Amino acid sequence: MTGPLPDPFADQPDWAPRPPRPLAVVPATERVELRGRRVLVGLPGMGWRGDLRADDRVVQNARTYVPVIPEHEWYRAEADQVEVFAPLVPVERVWVETVGSRPATEGERETGIRLVSLDGPAHRPPTPVFEADAVTGRRVVHVEGGLEHRDLRAVTETYSGAEGDICVRITPEVEWYRWAWRGQSPTTLEVPVHLLWIE
């Protein structure tokens, strides 16, 4: 027998779930629902700011604006049913994060420097948590049984769990932010790293 043996775990091993669908960033000028969605604001060629949520469009003096709220304030307003200040941003300066479609081929991941266009905000594809330098506080996607669970934050770095798995503790985003504004510790879930991706 000559040549290397075939790898029985090549392509998609049974124990490793497929990565989550990547995020796509679309202009808010398109017909897309805005209330509660994650948005980025900025100007082409200048830069972008994230960790924001939007409310429904507002028309004033024949111009369309989007009320934009820092994400922690949006969660506080929704959880405590309070009003928060939301500056109005011209709709053409707002971009919306949507869940994109799965690529036709899932080839090798890009490494190194990645050049992007400054015409619109760019977003990296999901990164496996086990490839990340640090994860505490990062947005993560938990993939389990083919389902994608989003709006989660990592609460710890990787550690060795009770059963020997390499794990990260995660929490729903609303609890992550409640921890900041009330000091109330979040409920967490221990998840093996092979089920987590940084969004």
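How many salt bridges does the structure hold? The answer is 22, where a salt bridge is a side-chain nitrogen of Lys or Arg within 4 Å of a carboxyl oxygen of Asp or Glu. Before we walk through some of them, a word on the model: it is predicted, so local features need pLDDT of at least 70 and side-chain atom pairs count only at pLDDT 80 or more, while totals for chains, interfaces and linings use all residues. Residues are numbered from 1 along each chain as its sequence is written, and side-chain values use heavy atoms, with hydrogens and water left out.

First, the overall layout. The protein has 2 helices and 14 strands; these are DSSP runs numbered from the N terminus, with helices being H or I of at least four residues and strands being E of at least two. Of its 199 residues, 38% are buried, meaning under 20% relative accessible area, with exposed set at over 50% and partly exposed in between (1.4 Å probe, protein chains only). As for contacts, which are heavy atoms within 4.5 Å, 55% of those between residues at least 6 apart in sequence join residues at least 24 apart.

Leaving aside neighbours within four places in sequence, its contacts include Arg37, Val39, Val68, Glu71, Trp74, Tyr75 and Asp151, along with Glu173. Arg37 is 16 residues away along the chain, yet the C-alpha atoms of Arg53 and Arg37 are separated by 5.4 Å.

Just after H1, Gln81 takes a positive phi of about 55 degrees.

How do the helices sit against each other? Two packed helices are described by the angle between their axes and the distance between the axes. For H1 and H2 the angle is about 95 degrees and the axes are 9 Å apart; axes are lines fitted to C-alpha atoms, for helices over the stretch in contact, and angles run from 0 to 180 degrees between N-to-C directions. H1 and H2 are therefore roughly perpendicular to each other, on a scale where under 35 degrees counts as roughly parallel, over 145 as roughly antiparallel, 65 to 115 as roughly perpendicular and the rest as oblique. On the H1 side, Glu71, His72, Tyr75, Arg76, Ala79 and Asp80 meet Glu173, Val174, Tyr177, Arg178, Trp181 and Arg182 of H2. By class, that contact has 5 nonpolar, 1 polar and 6 charged residues.

Back to the salt bridges. Glu92 and Arg63 meet through their side chains at 2.7 Å, N to O. Glu92 is in the loop between strand E6 (88-90) and strand E7 (94-99), Arg63 is in strand E5, and the two are 29 residues apart. Glu92 counts as partly exposed because its relative accessibility is 46%, and Arg63, at 37%, also counts as partly exposed.

Another salt bridge pairs Arg150 with Glu199, with the closest N and O atoms 2.5 Å apart. Arg150 lies in strand E10 and Glu199 in the segment after strand E14 (196-198), so they tie together parts 49 residues apart in sequence. At 18% relative accessibility Arg150 counts as buried, and so does Glu199 at 15%.

One last stop is Arg138, in the loop between strand E8 (127-128) and strand E9 (139-144). With 39% relative accessibility, Arg138 counts as partly exposed. Not counting residues up to four places away in sequence, Arg138 touches Leu152, Arg153, Ala154 and Ile198. A polar atom of its side chain lies 3.3 Å from the backbone oxygen of Ala134.

Methods:
Polar contact = N/O pair within 3.5 Å; in protein donor to acceptor, adjacent residues only side chain to side chain. Nonpolar A, V, L, I, M, F, W, Y, C, P; charged D, E, K, R; others polar.
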